[in-house]
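Please keep the sequence and the three-dimensional view at hand while reading.

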Amino acid sequence: MGISIQHLLGLDGISREDITLMLDTADSFYEVLQREIKVVPTLRGKTVVNLFYEDSTRTRISFELAEKRLSASPLNFSVSNSSVNKGETLRDTIKNIEAMKIDMVVVRHSCAGVPYFLTQCTDAVIVNAGDGLHEHPTQALLDMMTIRQKLGRLEGLKVAIIGDIFHSRVARSNAWGMSTMGMKVVLCGPPTLLPQHYESLGVPMTDDLNEAIDGADVVMMLRLQRERQASGAFPTIREYRNRYCFDLEKLFSLPENVLVMHPGPINRGIELASDVADGNNSVILQQVTNGVAVRMAVLYLLGGGENG
Amino acid sequence: MKKIELLMDKHGLDLALTRITHQVLERNRDFSTFGVVGMQTRGVFLAQRITKRINEIENCTLESGILDTTLYRDDYKMAFRQPHVKVTSIPFDINGMNILLVDDVLYTGRTVRAALDALMDFGRPKTIQLAVLIDRGNHELPIRADYVGKKITTLSNQVVSLKVTEKDDEDSLWLMELEKGE
């Protein structure tokens with residue numbers, strides 16, 4: 001009993017037992033979120049720093065709410081109004097924040113590996129809120145929590161993850177986590193955005209959307225990261241939409257209870273049609289609700305102990 | 001752990017719960033505003049049994065709930081491995097209700113303290129009464145039970161272990177002793 005990891009850097013290498021424990025605990029916190037008073041005193045006296053070197057709405061608010069609802073004290077740090085602009089290094093920044101006696105750090109950074117680097121220069125517990133093209137573990141956990149909540153299980157379900165796989169840390173964390181949980185993951189996107197290394201993990205890939213969604217229990221659309229398309233991986237947004245937009249016609253080709261997911265923010269009409277995003281199969285807002293529960297669970301499970 | 005003494009067998013457990021039920025009936029008149037909340041894990045089953053007895057005698061259907069106090073514990077900072085958060089379910093409005101809180105063992109009183117805090121977050125009950133199957137002494141907080149199945153004196157290296165058929169396939173209450181290194 002109890003979680004076997006000290007930090008949450010990614011889902012790569014995390015055991016099935018640990019993932020199950022995080023999801024079970026998140027279910028318990030989901031109950032707390034249904035109460036009139038949504039706050040429990042569990043992390044009273046703990047200080048959690050939200051170190052966001054990259055823009056974020058959902059993840060940041062979600063972590064901050066999770067911290068407040070556990071009675072921890074959140075401290076928000078954003079690069080735009082900090083000494084990072086004066087040239088302070090990441091190591092110095094974290095050392096200075098640590099000197100003010102903090103317990104946990106939630107970090108988002110555009111460079112892969114920053115959360116791991118931080119574990120090497122501080123004693124605080126590190127939680128990865130997205131690092132470069134690497135991982136976004138709490139997103140994958142909330143995705144799995146949502147699937148389990150709606151379909152009752154994970155084992156054996158087929159998930160099609162569609163879009164810009166190359167730039168997606170969400171796809172990467174989900175590919176690791178869902179495979180560990182016995183789910184069948186298929187990745188789909190333009191061939192130029194399908195990194196070949198996934199094949200060595202035993203995750204099948206295709207550039208044909210219809211092939212990917214065939215027999216799928218869950219369709220997860222990824223945001224087309226327009227800010228990262230300078231390399232010209234596909235000719236035009238219009239062509240991308242023609243081949244990879246998940247619309248009503250595609251939805252109707254699938255069983256009635258298929259789940260449609262999206263990590264947000266949605267490019268409406270590009271990767272996901274509006275009537276599907278707002279339709280009965282969409283669990284996108286449930287994902288957001290579950291995000292708070294999952295983050296409470298992660299902070300709770302990692303936040304105990306005398307040494308932070 | 002080794003067994004020291006059988007405190008209650010199935011018959012003893014039945015008698016104790018029946019007695020507690022009747023004491024509850026004596027002290028309370030109006031069961032339309034009465035709810036029973038069992039504390040995780042074994043208290044839940046005791047609460048169900050008491051609820052069933054009251055329902056049969058009073059010919060009513062009491063509100064019942066389940067409470068897990070993990071998130072309200074005061075030893076969170078001391079534990080290295082976090083205890084598993086179990087289900088809490090209070091499916092009725094506790095405002096103005098008379099609540100019977102049921103647990104298996106009263107020891108330090110810290111779990112009950114946590115339970116009181118947790119219940120208050122759900123609303124403002126009119127009264128909260130506490131029923132425990134066994135009060136083993138050594139209270140660390142000024143908390144006592146309103147209904148006690150059995151009262152004993154124990155040592156700190158001893159453990160009181162309840163088994164219920166719903167979960168463990170037998171009804172028994174044992175006094176156990178921790179062996180060296182446990």
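Which strands of chain B does helix α1 (residues 10-27) lie across? Helix α1(B) lies across β4, β5 and β6 of chain B, and runs at about 150 degrees to β6(B).

## Basis of the description

This is a predicted model, in which local features need pLDDT of at least 70 and side-chain atom pairs count only at pLDDT 80 or more, while totals for chains, interfaces and linings use all residues. Residues are numbered from 1 along each chain as its sequence is written, and chains are lettered from A and ligands numbered from 1 in the order in which they are written.

Helices (H or I, at least four residues) and strands (E, at least two) are DSSP runs, numbered from the N terminus. Axes are lines fitted to C-alpha atoms, for helices over the stretch in contact, and angles run from 0 to 180 degrees between N-to-C directions.

## The sheet of chain B

Strands of a sheet pair through backbone hydrogen bonds, either parallel or antiparallel. Two strands count as paired if DSSP finds at least two bridges between them. In chain B, five strands form an open sheet with parallel pairing, in the order β3-β2-β4-β5-β6. The edges are held by β3 (63-67) and β6 (147-151) of chain B; each has a single partner strand, so one side of each is left without a neighbour in the sheet. On average, neighbouring strands of this sheet are turned by 20 degrees against each other, direction ignored.

Strand β4 (residues 98-106) of chain B runs parallel to strand β5 (residues 127-135) of chain B, and eight bridges join them. Within this pair, B:Asp103 has B:Val132 in β5(B) as its bridge partner. Helix α3 (residues 110-120) of chain B packs on the sheet and touches β2 (34-39), β3, β4 and β5 of chain B; touching, or contact, requires that the C-beta atoms of two residues, placed from the backbone, lie within 7 Å. The direction of α3(B) makes about 155 degrees with that of β4(B).

## The sheet of chain A

Chain A holds an open sheet of four strands in the order β2-β1-β3-β4, with parallel pairing. Its edge strands are β2 (73-78) and β4 of chain A, each of which pairs on one side only. Neighbouring strands here are turned by 15 degrees against each other on average, direction ignored. Helix α2 (residues 58-69) of chain A packs on this sheet, where it touches β1, β2, β3 and β4 of chain A, and its direction makes about 175 degrees with that of β1(A).

Strand β1 (residues 47-52) of chain A and β3(A) run parallel and are joined by five bridges. Five bridges also join strand β3 (residues 104-109) of chain A to β4(A), again in parallel. A:Met104 is the bridge partner of A:Val48, and A:Met104 has A:Val125 as its bridge partner in β4(A). Strand β4 (residues 125-131) of chain A is mostly covered, since seven of its seven residues are buried. A residue is buried if 20 or more other C-beta atoms lie within 10 Å of its own, exposed if 12 or fewer, and partly exposed in between, with C-beta atoms placed from the backbone.

Helix α1 (residues 16-33) and helix α12 (residues 284-302) of chain A have axes that come within 8 Å and cross at roughly 120 degrees. This angle makes α1(A) oblique to α12(A); angles under 35 degrees count as roughly parallel, over 145 as roughly antiparallel, 65 to 115 as roughly perpendicular and the rest as oblique. The contact includes A:Leu21 and A:Phe29 of α1(A), and A:Val294 and A:Met296 of α12(A). Its residues divide into 14 nonpolar, three polar and no charged. Here Ala, Val, Leu, Ile, Met, Phe, Trp, Tyr, Cys and Pro count as nonpolar, Asp, Glu, Lys and Arg as charged, and the others, Gly among them, as polar.

The axes of helix α5 (residues 137-151) of chain A and α12(A) come within 8 Å and cross at roughly 115 degrees. Among the residues that meet are A:Leu141 in α5(A) and A:Asn290 in α12(A). This contact divides into five nonpolar, six polar and two charged residues.

## A residue of strand β5

A:Lys158 belongs to strand β5 (residues 158-162) of chain A. With 17 other C-beta atoms within 10 Å, A:Lys158 is partly exposed. Not counting residues up to four places away in sequence, A:Lys158 touches A:Lys184, A:Val186, A:Gly215, A:Ala216 and A:Asp217.
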